[in-house]
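The entries below follow the order in which I went through them.

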Amino acid sequence: MANPTGPTHGNDEFKKRSFATKLIHFGAEIDGVTGAASVPLYQASTFHQFSLDEPQAYDYTRSGNPTRQALEDYIALLEGGSRGFAFASGMAAISGAFMLLSAGDHVICTEDVYGGTYRLLTTILTRMNIETTFVDMTDLNQVQAALKPNTKAVFLETPSNPTLKITDIAAVTAWTKERDLLTMLDNTFMTPYHQRPIELGVDIVLHSATKFLGGHSDVTAGLAVAANDTLGRRLKQIQNGLGTVLGINDSWLLMRGMKTLKARMEAHELSARRLADWLSSNPAVETVYYPGLPNHPGRDIHEKQSLGYGAVVSFDVGSGERAKRLLSKVRIPLVAVSLGAVESILSYPAMMSHAAMPREVRHQRGIRDGLVRYSVGLEDIEDIIEDLEQALAED
Ligand SMILES: *Cc1c(COP(=O)(O)O)cnc(C)c1O
């Protein structure tokens, strides 16, 4: 039987090409049976077994489906990993990765971790007797000081959300490899276009594909990539065992979005750099957080490990009243949680993503009442700036 999607898994010819070419030619872009120019939607939950004596590639969609497999091979190729896995959401992917741990294990995690990951670690995994120490990952001494005899994993997120702090990935993995610790990294903000953590020694890369990879605010999905086959086999068992797989239509939609990742990221970033510069010279703005700014403390490290600064710019307008006024006056961005879409999205961490965090802890992490986060979309940057100018102006 012809291979329906011609998987890229282990295909060296594809691996050698540059990132831009991989985005378009990932092995499943032409259907092997009909020549169709997109991966077919195998909208089936089960597969007829032609012979009970010969095992088939697919038997039941939770365990494997050609459409989802094409996406999984696609993200593995882009991240330079061994195997990819598609989950129902970013949190499903992250939860799945933590299932590699066992009761009694200890995790070291960045204190600036995504709110959902924080919640998972502090309210669910604690009940499984997996404990976490949160540290400022920009300081390697703090990471090392958190080591316990039962430490098994280190979880990174860089740039962090929403103040875009930078962790030195290679410095952390040099240490975790010495100690035989599992290193996981949430690469949602950068995407493999800007940052490929496996090349820097990370074992498992995670994504909320709901954001830049999908890119259109129309699909909720998560992706995980294992650096090697051993971890890949273990993640496969977890994904199949938990059953938190991505549906077939969403797998297709995500691939459709990912093909334009480079074009989108480049356009997003050009605009984000311009916006960060403009905000920096605006007297109504107290602080601007963007790794591309010359005064960003993590800029040198970020430039060493990433190919771009990304599309997220956070800035502090000085007070909660002023932030709320800004949110009520902007006319271009969505005022919403989430990021990474074709449309600009303006978020208010103090009342949205970080509302559950105690005020003092929040302030200590720089998430003050005047802080807003702008995910720069693909609108004309001059329009975005003009809109912010009128929204920031005193009446
Ligand atoms: C949104 C997000 C997640 C969670 O992803 P979902 O798809 O919403 O489950 C995880 N990490 C980061 C950095 C995110 O921005």
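**Entry 1: helix H13**

I began with helix H13 (residues 320-329) and listed its buried residues as Gly 320, Ala 323, Leu 326, Leu 327 and Lys 329. Buried here means under 20% relative accessible area, exposed means over 50%, and partly exposed is in between, with a 1.4 Å probe and protein chains only. Helices (H or I, at least four residues) and strands (E, at least two) are DSSP runs numbered from the N terminus. I then looked up what the buried residues of H13 pack against: strand E9 (312-316), strand E10 (334-335), strand E11 (345-347), strand E12 (371-375) and helix H15 (381-392). Contact means heavy atoms within 4.5 Å.

**Entry 2: ground rules**

I note that this is a predicted model, in which local features need pLDDT of at least 70 and side-chain atom pairs count only at pLDDT 80 or more, while totals for chains, interfaces and linings use all residues. Residues are numbered from 1 along each chain as its sequence is written, and side-chain values use heavy atoms, with hydrogens and water left out.

**Entry 3: the two domains**

I looked up the domain assignment of the protein chain, which gives domain 1 (12-258) and domain 2 (262-392). These bounds come from an automatic or database domain assignment. The contact involves 32 residues of domain 1 and 38 residues of domain 2. I read a distance of 26 Å between the C-alpha centres of domain 1 and domain 2.

Between them, domain 1 and domain 2 bury about 3,000 Å², with 61% of it on carbon and sulfur atoms. Buried area is the accessible area (1.4 Å probe) that two parts lose on being put together, summed over both.

I found 15 residue pairs in polar contact between domain 1 and domain 2, both residues at pLDDT 80 or more. A polar contact is a pair of N or O atoms within 3.5 Å; within protein, one must be able to donate a hydrogen and the other to accept it, and residues adjacent in sequence count only if both atoms are side-chain atoms.

Which helices supply at least two residues each to the side of domain 1 that touches domain 2? They are helix H2 (19-24), helix H7 (169-178), helix H8 (191-194) and helix H10 (248-258). H8 gives the most to that side, with three residues. By class, I noted 15 nonpolar, twelve polar and five charged residues on the side of domain 1 that touches domain 2. Ala, Val, Leu, Ile, Met, Phe, Trp, Tyr, Cys and Pro count as nonpolar, Asp, Glu, Lys and Arg as charged, and the others, Gly among them, as polar.

**Entry 4: Arg 196**

I placed Arg 196 in the loop between H8 and strand E6 (204-208). Its side chain reaches the backbone oxygen of Pro 192 at 2.7 Å. Leaving out residues up to four places away in sequence, Arg 196 touches Phe 19, Leu 78, Glu 79 and Leu 307.

**Entry 5: salt bridges**

I counted two salt bridges between domain 1 and domain 2. A salt bridge is a side-chain nitrogen of Lys or Arg within 4 Å of a carboxyl oxygen of Asp or Glu. The side chains of Lys 304 and Asp 168 meet in one at 3.0 Å, N to O. The structure holds 18 salt bridges. Lys 304 is in helix H12 (residues 299-305) and Asp 168 is in the loop between strand E4 (151-157) and H7, so this pair ties together parts 136 residues apart in sequence. Lys 304 counts as exposed at 57% relative accessibility, whereas Asp 168 counts as buried at 18%.

I also checked Arg 273 and Glu 269, whose side chains form a salt bridge at 3.7 Å, N to O. They are four residues apart in helix H11 (residues 261-280), so about one helical turn separates them. Arg 273 is partly exposed at 39%, and Glu 269 is buried at 9%.

In H12, Glu 303 and Arg 299 are likewise four residues apart, about one helical turn. The closest N and O atoms of their salt bridge are 3.1 Å apart. Glu 303 is partly exposed at 34%, and Arg 299 is partly exposed at 23%.

Last, I noted a network of salt bridges that links Glu 111, Asp 112, Lys 165 and Arg 365.
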